Amino acid sequence: MGVSLAWIAVRGPEPARTLDRLGLAPTGVESAYPPSQAAVHILPDGWLLVIAPGCDHRILHGEALAALSAEAEVVACSVEEHVDFTQSELWRDGRRVWHLRHQGEEGDDHLVAEGDLPPSYPRLLAGVATDYSEDPEVYFHGCIPLLLAKERCGFRHDDAEPSFDDGSLKALQDLRRVARPWWRRLLS
């Protein structure tokens, strides 16, 4: 079994403004991890983390990331463990700075890199294991997008996050999925 997640970490505007731009609203209800619906958490170093089920959730769409990054720094990550797919990217000033994607079905060493990747990328690439290992310090090509994301914002979906244990992961309501009354639809 594996997870299928989309997440973004945002550093910049107030959390309420970020959630409003994403069309999400707090419910005040605690969420388990991994969440069954979008959820929010403030990471220890101040990044706002928004996590959603499914590796292709709309929070990762280019239009949303471009709009958010116009006034913030945004790290976006997508994980589909069932098919060995990972990707991460950094957005700033309304544009994507870098993007890194691994698709296991294209080969164990598959990576597509675009943009101005962090200086640590060549070092990480050189340190990739060539054989299977159960050693937690060993990593593979599919880990590199996750490692670059964590390097930037401090979060990785499969690392223990002790701050989730205090109930601070909160469920979000997707305002773009809320059904409008029939009469409102007539007026739009």
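Select Asp93 first: at 63% relative accessibility this residue counts as exposed, where exposed means over 50% relative accessible area, buried under 20% and partly exposed in between, with a 1.4 Å probe and protein chains only. Asp93 is found in the loop between S6 and S7, and its phi is near 55 degrees, a positive value in a residue other than glycine. Most residues other than glycine have a negative phi, and most peptide bonds are trans. The names of helices and strands used on this tour refer to DSSP runs numbered from the N terminus (helices are H or I with at least four residues, strands are E with at least two).

This is a predicted model, in which local features need pLDDT of at least 70, side-chain atom pairs count only at pLDDT 80 or more, and totals for chains, interfaces and linings use all residues. Residues are numbered from 1 along each chain as its sequence is written, and side-chain values use heavy atoms, with hydrogens and water left out.

**Two further backbone stops**

Then select Tyr33 and Pro34, which are joined by a cis peptide bond with omega at about -5 degrees; Pro34 lies in the loop between strand S2 (24-30) and strand S3 (39-42).

Now select strand S5 (73-80). Eight of the eight residues of S5 are buried, so this strand is largely enclosed by the rest of the structure. In a regular strand the side chains alternate between the two faces of the sheet. In S5 both faces are covered, with Glu73, Val75, Cys77 and Val79 buried on one side and Val74, Ala76, Ser78 and Glu80 buried on the other.

**Thr86 in strand S6**

Stay on strand S6 and select Thr86, which is buried, with a relative accessible area of 6%. The side chain of Thr86 reaches the backbone oxygen of Gly142 at 2.7 Å. Leaving aside neighbours within four places in sequence, Thr86 is in contact, that is, has heavy atoms within 4.5 Å, with residues including Ser78, Leu100, Gly142, Pro145 and Leu146.

**Helix H4 and what covers it**

Move to helix H4 (residues 144-153), whose buried residues are Ile144, Pro145, Leu146, Leu148, Ala149 and Cys153. What covers these buried residues includes strand S1 (4-11), strand S5 (73-80), strand S6 (85-92), strand S7 (95-103) and helix H3 (120-126). From helix H3, pick Ser120, which is buried, with a relative accessible area of 9%, and which touches Leu148 and Glu151, not counting residues up to four places away in sequence. Just after H4, Gly154 takes a positive phi of about 90 degrees.

In the loop between H3 and H4, select Phe140, a residue that is partly exposed, with a relative accessible area of 29%. Phe140 and Asp108 are 32 residues apart in sequence and 8.0 Å apart in space, C-alpha to C-alpha.

**The nonpolar cores**

Finish inside, where a nonpolar core is a set of buried Ala, Val, Leu, Ile, Met, Phe, Trp, Tyr and Cys residues joined through side-chain atoms within 4.5 Å. Of the 30 residues in the largest of these cores, Trp7, Ile51, Val75, Leu100, Ile144, Leu148 and Phe155 touch the most other members. The elements that give two or more residues to this core are S1, strand S4 (48-53), S5, S7, H3 and H4, and H4 gives the most, with five residues. Apart from this core lies another, of 20 residues, among them Ile8, Leu19, Ile59 and Leu60.

What surrounds Trp7, leaving aside its neighbours within four places in sequence? Trp7 is in contact with Leu49, Val50, Ile51, Ile59, Leu60, Val75, Ala76, Cys77, Ala149, Cys153, Phe155 and His157.

Methods
A polar contact is a pair of N or O atoms within 3.5 Å; within protein, one must be able to donate a hydrogen and the other to accept it, and residues adjacent in sequence count only if both atoms are side-chain atoms.
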